[in-house]
Amino acid sequence: VIVGIAMFNFCYNYCCQKKMNALVPLLKQGCVEKYIAETEALLCNVKGRFAINLITINLSAGYCELKQYNKAAELLESLSNEKLAGVLKLVYCVNLCLCYFYQQKNDKAMELYESSQKVFRSYRNHKAYGGNIAVLDIYAAIGRNDYACAAEMLETAKRTWNNAQFLDDYN
């Protein structure tokens, strides 16, 4: 019975993740409103902590894309950080930290940034997440008033993480 429940849970979460992954191209193509609408619809129909957390984190990315950082932060703050692990915890920390920086909530941003270093360390050079962490490092250096270090990090980030998604942050 326990194995059956675990297998069902795994399959359910896998299906939810697959549905969420199918929506990501909308975000990358700039169809942000459609991405948000479909992600919200998916969120209304899922059950289980993992699926809800996964979809909520992805929904926050849509609101970040629209520069609605208050809404994105509100969604992320509604999640219980203790229940997140791995990439979900990383994306939660990165997104919420960036939202705080963009909202000029530097004390909250710096507190979360410092407390998340262990999570960031594992992904700092990761192809998909390293650029986001580099942007956070730059904002944190600015938050510490270490502008020379921030400028140096910015130049390194531009060379290392040459991706259009970071252009707003680099400017």
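1. A residue counts as buried under 20% relative accessible area, as exposed over 50%, and as partly exposed in between. Arg-124 has a relative accessible area of 25%, so it is partly exposed. Keep that scale in mind for the points below. Note too that this is a predicted model.

2. Overall fold. The protein chain has 10 helices and zero strands. Its radius of gyration is 17 Å, close to the 16 Å that the globule rule gives for 171 residues, so the chain is as compact as a globular protein of that length. Along the principal axes, its C-alpha atoms fill a box of roughly 60 × 35 × 25 Å.

3. Burial and surface. Of the 171 residues, 42% count as buried. The chain exposes about 10,200 Å², and carbon and sulfur atoms supply 55% of that area.

4. The core. In soluble globular proteins, nonpolar side chains tend to be buried together. Here the largest nonpolar core has 55 residues. Ile-57, Tyr-92, Phe-120 and Leu-136 touch the most other members. Helix H5 (residues 86-102) gives the largest share of this core, 12 residues. Beyond four places in sequence, Ile-57 touches several residues, among them Leu-76, Leu-88, Tyr-92 and Asn-95.

5. Helix H1. Met-7 sits in helix H1 (residues 2-28). Together with Phe-10 and Tyr-14, Met-7 forms a nonpolar patch on the surface, with about 370 Å² of accessible area. Asn-13 also lies in helix H1. Asn-13 is buried, at 14% relative accessible area. Leaving aside neighbours within four places in sequence, Asn-13 contacts Phe-50 and Ala-51.

6. Salt bridges. Side chains of opposite charge can pair when their charged atoms come close. The whole structure holds five salt bridges. One of them joins Glu-38 and Lys-34, at 4.0 Å from N to O. These two are four residues apart in helix H2 (residues 32-45), about one helical turn.

7. A pair across the sequence. Arg-144 forms a salt bridge with Glu-114, with the closest N and O atoms 3.9 Å apart. Arg-144 lies in the loop between helices H8 (130-143) and H9 (147-160), and Glu-114 in helix H6 (residues 106-115), so the pair ties together parts 30 residues apart in sequence. Arg-144 is partly exposed at 41%, and Glu-114 is partly exposed at 43%.

8. Back to Arg-124. Its side chain meets that of Asp-137 in a salt bridge, 2.4 Å from N to O. Asp-137 lies in helix H8 and Arg-124 in the loop between helix H7 (117-123) and H8, so the pair ties together parts 13 residues apart in sequence. Asp-137 counts as buried, at 12% relative accessibility, whereas Arg-124 is partly exposed.

Note on methods
Residues numbered from 1 in each chain as written. Predicted model: local features only at pLDDT ≥ 70, side-chain atom pairs only at ≥ 80, totals over all residues. Heavy atoms only, no water. Patch = residues over 30% accessible without salt bridge, like charges linked within 9 Å, V, L, I, M, F, W, Y side chains within 5 Å. Areas by Shrake-Rupley, 256 points an atom, 1.4 Å probe, with all protein chains shown as cover. Rg over C-alpha atoms; globule rule 2.2 N^0.38 Å. Buried < 20%, exposed > 50% of the residue type's maximum accessible area, 1.4 Å probe, protein only. Core = buried A, V, L, I, M, F, W, Y, C linked by side-chain atoms within 4.5 Å. Contact = heavy atoms within 4.5 Å.
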